[in-house]
Amino acid sequence: MASNEPKQGGGGFFASIAAGLSTFGSAMTKSVNGLLGYEGLEVINPEGGTEDAEEEAKKGRWKQEDRDGYWKMMQKYIGSDVQSMVTLPVLICEPNTNLQRMAELMEYSNLLDLADKCEDPYMRLVYSSSWAISVYYAYKRAWKPFNPILGETYELVNHGGITFIAEQVSHHPPMCAGHAENEHFAYDVTSKLRTKFLGNSIDVYPVGRTRVTLKRDGVVLDLVPPPTKVNNLIFGRTWIDSPGEMIMTNLNTGDKAVLYFQPCGWFGSGRYEVDGYVYNADEEPKILMTGKWNESMNYQPCDSEGEPLPGTELKEVWRVADAPKDDKHQYTYFAHKLNSFDTAPKKFLSSDSRLRPDRCALENGDLSKAGSEKTRLEERQRAEKRTREAKGDKFTPKWFDITDELASTPWGELEVYKYNGKYAEHRAAFDSSNGNEESNATSTEFNPWQYESLAAE
């Protein structure tokens, strides 16, 4: 019987995966020991170049004076979760928010439609786990989304029959919740990322809960993704890796997909590769899966030892769509649509991420204005917090309710938020009252605020 660990050697299907991929090779990991003040700093080159660490460290998006100054400021935070401790410069940002990043998971939602239509319980997991993998092509972008303001929202329509709503439900700790739905599935997520700053890299732990309900048979799927590591955050060319296991479990039956994201090895070997199996409730492999998270995923029925069944062949289940060439932020066409009001409802919420002035300025290439607007929004948010504390008020999300449930994750417990259905009521009320009324994107001011008249102090 095959174990839940994908085969990484021997005579099995994945024998071609080199045994040395489990750690970073010495040819690619280097310490900057020759520069005063940077002793022991690791710079990791995924291509395993032969140039020395000092030359590699000079590459990337930072100007030398900005890079050096930021390094001096950040050193004291090594080992800490820096999400709410540090104000990050816009030069490392991309023109969207974490709420929009959450919506990017909907690009290949047709895979969930196929999972709902499918009668084979194991193929359901092939489709749904491939859907979960598909977003990693977007996540390889090495730019940071803007942190949402408390109460900020993002809406998505006009894609696959989906209605999507996400909301920033907590600021300390930063948490967001999302809900998407069409005729085939409902998607619910509570996300609370935890980070650990390591000097020139940062570990990101997905403390969250993701559930997908397939409507035809009421199948509930639970997703546990792997952690992510952002390398060369300040020195060198920034790149992202997500080594570890992704597990998609059918909570009704106990069937599950266990997929292993290979770590980047020597000279980039193994980078992007994903291998694993769909297992039944007795942990017997039924379907093998293999591919690259930046290209495509494939599947093939297998025997109890994990070997391909005779007379079957490897078939493709998902392939990444074409992307714009030489895009400044490595955006996909779908990512560009997420910033467009073409994917917003006619009457959208004034708290929508598309309206953020710092995001808009960055999208238009005005870094100076983006920086000043980002500072203004953050100051206003701090002023709101002071006012809440002085009044003894609490912030209450509009579209999600906190529950009594504490979900266990590999990286800690999570307070679970539940979609309360009020957004569907809001949209239905608008459609029935005056469906021709539209919001004006140029005149609508971004407004996620709890206190309407409060000015930043």
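A search of the whole predicted model identified 10 aromatic pairs. One of them joins Trp-399 and Tyr-423 in an edge-to-face arrangement, with 5.6 Å from centre to centre and 85 degrees between the ring planes. Trp-399 is located in the loop between helix H9 (367–391) and strand S19 (400–409), whereas Tyr-423 belongs to helix H10 (residues 422–434); the pair therefore ties together parts that are 24 residues apart in sequence. Both Trp-399 and Tyr-423 are buried. Elsewhere, a cluster is formed by Tyr-136, Phe-261, Tyr-272 and Trp-293, which are linked by ring pairs.

Contacts between arginine side chains and aromatic rings were also found. The charged end of Arg-194 is placed over the ring of Tyr-205, at 4.7 Å from the ring centre. In a further case, Arg-354 lies over the face of Phe-341, and the distance to the ring centre is 5.9 Å.

The largest cavity contains about 40 Å³ of space. Its lining consists of Glu-104, Glu-107, Tyr-108, Ser-134, Val-135, Tyr-137, Ala-138, Val-320 and Thr-332; by class, five of these residues are nonpolar, two are polar and two are charged. For the second largest cavity, the volume is about 30 Å³. Ile-149, Leu-150, Gln-381, Glu-384, Arg-388 and Trp-449 line this second cavity, and they divide into three nonpolar residues, one polar residue and two charged residues.

Key:
Residues numbered from 1 in each chain as written. Predicted model: local features only at pLDDT ≥ 70, side-chain atom pairs only at ≥ 80, totals over all residues. Heavy atoms only, no water. 1 Å grid on protein atoms, 1.4 Å probe; cavity = no way out; pocket = protein on both sides within 12 Å on 5 of 7 lines; lining within 4 Å. Points joined across faces, edges and corners; volume = space filled by probe spheres on them. Nonpolar A, V, L, I, M, F, W, Y, C, P; charged D, E, K, R; others polar. Phe/Tyr/Trp six-rings, centres within 6.5 Å; stacked < 30°, edge-to-face > 60°. Helix = DSSP H or I, 4+ residues; strand = E, 2+ residues; numbered from the N terminus. Buried < 20%, exposed > 50% of the residue type's maximum accessible area, 1.4 Å probe, protein only. Lys NZ or Arg CZ within 6 Å of the ring centre and 35° of its normal.
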